[in-house]
Amino acid sequence: MNSTTELPNPLPRPPGELDELKRLWNPPRGLRFLTVINNNYIGVAYVGTAFVFFVLAGILALVMRTQLAVPNNNLVSPQLYDQLFTMHGTVMMFLFAVPAVEAMGVLLLPNMLGARDLPFPRLSAYAYWAYLVGGTVFFGSLFANAAPSGGWFMNPPLTSATWSPGVGADFWLLGIGFIEISAIAGAIEIIVGVLRTRAPGMTLDRMPVFAWAMLVFALMIVFAFPAIILATLLLEFERAFGWPFFEAAKGGDPLLWQHLFWFFGHPEVYIIFLPAAGMVSMILPTMARTPLVAHRAVVIALVATGFLSFGLWVHHMFATGIPQLSLSFFQAASMAVAVPSGIQVFAWIATLARGRLDWRATPSLFLLGFLFTFVAGGLTGVMVAVIPFDWQAHDSYFIVAHLHYVLIGGMVFPLLAAFYYWLPYTSKHALSERVGRWVFALVFTGFHVAFAPMHVTGLLGMPRRVYTYDAAMGWNVLNLVSTLGAFMIAAGVALFLFDLARKMRMSAEGNAGNVWRAGTLEWLPNGNYSSRSIPRVESREPLWTHAQLADEVEQGRWYLPGTATGGRETILTHPLSAEPQALMRMPMPGWAPVIGAIFTAGFFLLLTVKLVVPALVCAVIAIGGIVHWAWGLDPSPLPRPLPIGGGIELQAYLTGPSSHSWWAMVVLMLVSASLYGSAVISYLYLWTVSPEVWPRAEALPGLAAPLAAALLLLASSGVVAVAGRALARARRRLFMLLMALAIGVVAAAFGIDLAGQHDVSPSASSHGAAVWMFIMLEGFFVAVAVTMAVFAVARALARRLDGQRRVVFDNVRLWWHYTVAQSLVGLVLVHGFPRLVT
């Protein structure tokens, strides 16, 4: 079948246009390669780094399995063993699993969507370098005897300053909190990229399942990760300053940590699984030579899984003494989430039945291994969702087996299938099929040899996280078998890495090609895909339904055959219909994101070891790098629309809700709202636990100060709104005066609120700690709003901000109004709630 759409450019593009595009998009050479701003290369580095962390965490697992191979072993000390299992779980979950699937999105989505790049490649570069530096230093803490030892979940009071002195827990709290910020940056890139940079004609119904999976994945990060960021802040403040959020003697509650952690932690399982499921839904139809059965049902199942996953966090807390009614609700939710997962499994089986699977291809083998292993893990998941069984199996090796069946079966097997399937897309050579079959045999067999016996070990009573055991317990043979299986997995991974080192060769000039004869856009001819013309999409498998599409794209006969602006650009499309709306100008290589990320990481890591002055120096350098980066954004509007082919002309500048940066700001506000919502719920939870430490109404200060602060906050929003009108009327000086006034008014509001709490001690009770938590959050958000306003004034002074070139101000205004609304919520809660309940 051929396209019915007339080609925008009936003749091939002149060679000079292609040469110009390659000059613009190909990466710089030498040391300047580090400045690359192109997700094709950032994505490869991201995936590679994540896999290095996987190997490192696997080595830690081998040491642990060797320790447990025989009873009463003394290969490692109890203290080192605690550090090993903490680092193994932390690295696998935080430094491998989530970054790996996010990296696959950064790598694949631009090409799969038909775009030249995602909208914020500098943000991707910042996220990658922050992750690389932060993750490397965090793992290195193991060699300095400074690694955390409280488990990857870090439950207090075990991780309080009393029971975990030293900097190990601080490395976890500040390091992991910072790395999660990096993940959020990547999620913003993915959300805006999927919604706004799809190829013309790629409606939501034609969007690849992997793009849907990454969209749900990124939205889940937006709403789940802020909870763990808040939790790490609260525990760090308790450890550093004695604010008793989790100290029962002063009205705190250790279970608050578990609620916050698992509100992040259980959705994280699906945050990891859904992109892997998206990969399966892309690879399986190609290997079976037939479109995916029930495409829409699979997409609905992805969305439903993401939604239901937020109702499951107490699944991990059945043994904590929670009331029976709550337990029953979460047991039902834990079982309900199996329904959308089952829909996907049946769709995959139906696709296999309708098509003809290439059974000998390595991706097919890993997909079959995934189906068997993940379904088995899902069945044990239903078992532990039954409360009486969970009470028996909780904290035993049965849970270790279940966890690995779900995570390795549900994520690592699809990821290995993806490596074999998509490596020809990034490399000049495909991986060896003969070696791949050996890799599969070793990894699949070794996995089940290692983890299937753990179900029995757990039911026989072996608890998790013990460094040795007595021979009389009867666990000897099972543990030895599990250790042998672990080394089989290691042999398979080593063989895979050997083949990868032989075959992986990136080139800006070409790749191995569409070796699987797939139908989606990432298999268009690409050396550096950013130099391709952008096609119109008319089906879900455009390469299957339009036989000449690859040749037409390579010849530059679709949209943007060359550069319309003289620089890098891609097409912004409507979020629903994917019709072209504007040209988006993309940044060139630069050091600013690298400098900003490295010194941001330095700030957090130096704070961990209490080197405050060097940390502040790093913060100043990081802010300078980010300001330099931001200064080059928001280029001048061009005087007229530019042709992209087919008689279509597009503006190269949009403001307001049409701008991609407006969408990014809205997503950032959702992240902030999730963080603040977690703080509100924490405040209310602490009141339900210890209402006696909350002051009575007559003991509270008067309402004059909070009312004055509220009026000043509202006034500052009004001033910013008036400043926007002044900017639209080209009254630049008035605009700058009004913004300066708004800064002074909001600072006064915060000052009044701060002064009103001088009698409240944050270390005396959980109430005081909760009040100061809101003060700190308000101060942070006000500081960000003021910084952004100063930046806008500076741009106005430099004549880089006016009535037409106003994207910076539009974003400042959005953030300012959000900050005011959030601060008002805090005032009502802190000053009004105790009056209502006492």
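I will go through the cores, then the hairpin, then a few ring interactions. Keep in mind that this is a predicted model.

Let me start with the nonpolar packing. The largest nonpolar core holds 271 residues, and the members that touch the most others are Phe96, Trp172, Trp348, Trp422 and Phe735. Helix 6, residues 209–241, contributes the most to this core, with 21 residues. A second, separate core has seven residues, among them Leu24, Ala582, Met584 and Met586. Back to Trp348: setting aside neighbours within four places in sequence, its contacts are Phe273, Ala277, Val280, Ser281, Leu284, Leu292, Phe370 and Leu371.

Next, the strands. Strand 1, residues 569–573, pairs with strand 2, residues 580–585, in the antiparallel sense, over five bridges. Thr573 has Pro580 in strand 2 as its bridge partner. The two strands form a hairpin with six residues between them, and Ala578 in the turn has a positive phi of about 60 degrees.

Now the rings. The whole structure has 66 aromatic pairs. In one of them, Phe263 and Trp313 sit edge-to-face, 5.4 Å centre to centre with 75 degrees between the planes. Phe263 is in helix 7 and Trp313 is in the loop between helix 8 and helix 9, so this pair ties together parts 50 residues apart in sequence. Phe263 is partly exposed, at 24% relative accessibility.

What about Tyr683 and Trp694, buried or exposed? Both are buried.

Last, a charge over a ring: Arg795 lies over the face of Trp631, 5.4 Å from the ring centre.

Note on methods. Residues numbered from 1 in each chain as written. Predicted model: local features only at pLDDT ≥ 70, side-chain atom pairs only at ≥ 80, totals over all residues. Heavy atoms only, no water. Core = buried A, V, L, I, M, F, W, Y, C linked by side-chain atoms within 4.5 Å. Buried < 20%, exposed > 50% of the residue type's maximum accessible area, 1.4 Å probe, protein only. Helix = DSSP H or I, 4+ residues; strand = E, 2+ residues; numbered from the N terminus. Contact = heavy atoms within 4.5 Å. Pairing = 2+ DSSP bridges. Phe/Tyr/Trp six-rings, centres within 6.5 Å; stacked < 30°, edge-to-face > 60°. Lys NZ or Arg CZ within 6 Å of the ring centre and 35° of its normal.
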